[in-house]
Amino acid sequence: MAPEENPGTELLLQSFERRFLAARALRSFPWQVGGGACWSPGADGSLEAKLRDSSDSELLQDILQKHEAVHTEPLDELYEALAETLTAKESTQGHRSYLLPSGDSVTLSESTAIISHGTTGLVTWDAALYLAEWAIENPAAFTHRTVLELGSGAGLTGLAICKMCRPRAYIFSDCHSRVLEQLRGNVLLNGLSLEAEITANLDSPRVTVAQLDWDVATVHQLSAFQPDVVIAADVLYCPEAIVSLVGVLRRLAAYREHQRAPEVYVAFTVRNPETCQLFTTELGRARIRWEVEPRHDQKLFPYEEHLEMAMLNLTL
């Protein structure tokens, strides 16, 4: 039966498509089909069996055709990413694609290891996907505004905002040289120009990739960004990082004493309640007010369902 003839199978196909292009592990795929039936990953005729059988490529072809329908030219990077996933050869770098509601996508070069080159910033973490979903649902928070992202990592959140929310300017920032190098590559990979480059596309935001060390960043350095909005995702991974982050937020508040302070949104995965408690305690010491942002409705990106996500709206 063709996928369009069975609503349950069509939903499975859409879910598979998002996970496949984002190179998620097969064990995370929802193998449920409409009506309560289940495709066992090891059973004959299962989705996994079809993918492993090189003679049965209809499903893969359908995904490629759907992607080509929204692009004037097929993305070479996407075909390479699909080929790499199917051959399953170990590599230190790969490509992931995240589909957007507009039909466009964000394609990233990412490390295949959680920790690489001494940093965790070369992969996309789940809170970055969560924050990107919230931004797409709340574009007015970013439209025609200057956005500073702290700890941009692979760049998923910022690239999604640039493509979907029409910011005036976007500053990706991180402190690790390898992360910054990958960030610049991902910006260019997604058809955006860096600020120093000449571009004829007046609809695109001014994009900057900046090196920013939270421990040494000065009020003067931060004031040069002039952000209207500051965001960060999955940066609460240790006490030292939390203290450094709150320090940066205090300095951002200081330079805007006589002007409106930027809006601040921090998204994170609740892995350790003590870590979250430390963050709110440090915010209190810095006299930074906070409130929990309500959970958004749409789930656009493939991240683990069981994870507890949270986002705080800070008032500097």
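pLDDT is the predictor's confidence in each residue, from 0 to 100.

**Entry 1: confidence**

I am working with a predicted model, so I looked up the pLDDT before anything else. The chain averages 78, and 65% of the residues reach at least 70.

Seven of them form an open sheet in the order 5-4-3-6-7-9-8, and the pairing is mixed. Which strands stand at the edges? I see strand 5 (206–211) and strand 8 (289–292) there. Each has a single partner strand, so one side of each has no neighbour in the sheet. From one strand to the next, the twist averages 20°.

I then checked the pairing of strand 3 with strand 6, residues 229–233. The two run in the parallel sense and share four bridges. Glutamate 149 has isoleucine 231 in strand 6 as its bridge partner.

**Entry 2: helices on the sheet**

I looked up what helix 7 (residues 177–189) touches. Helix 7 packs on the sheet against strand 4 (169–174) and strand 5. Its direction makes about 170° with that of strand 5. Helix 10 (residues 273–285) packs on the sheet too, touching strand 7 (263–269), strand 8 and strand 9 (309–315). The direction of helix 10 makes about 5° with that of strand 9.

**Entry 3: helix 5 with helix 6**

How do helix 5 (residues 126–137) and helix 6 (residues 156–164) pack? I read an angle of about 15°, with the axes 8 Å apart. That makes helix 5 roughly parallel to helix 6, because angles under 35 degrees count as roughly parallel. Their crossing is right-handed.

I listed the residues that meet. Helix 5 brings Ala128, Leu129, Leu131, Ala132, Ala135 and Ile136. Helix 6 brings Leu156, Thr157, Ala160, Ile161 and Met164. I count 10 nonpolar residues in this contact, one polar and no charged.

Definitions and conventions:
Residues are numbered from 1 along each chain as its sequence is written. This is a predicted model: local features need pLDDT of at least 70, side-chain atom pairs count only at pLDDT 80 or more; totals for chains, interfaces and linings use all residues. Side-chain values use heavy atoms; hydrogens and water are left out. Axes are lines fitted to C-alpha atoms, for helices over the stretch in contact, and angles run from 0 to 180 degrees between N-to-C directions. Angles under 35 degrees count as roughly parallel, over 145 as roughly antiparallel, 65 to 115 as roughly perpendicular and the rest as oblique. A crossing is left-handed if the near helix is turned anticlockwise from the far one by less than a right angle, and right-handed if clockwise. Contact means heavy atoms within 4.5 Å. Ala, Val, Leu, Ile, Met, Phe, Trp, Tyr, Cys and Pro count as nonpolar, Asp, Glu, Lys and Arg as charged, and the others, Gly among them, as polar. Two strands pair if DSSP finds at least two bridges between them.
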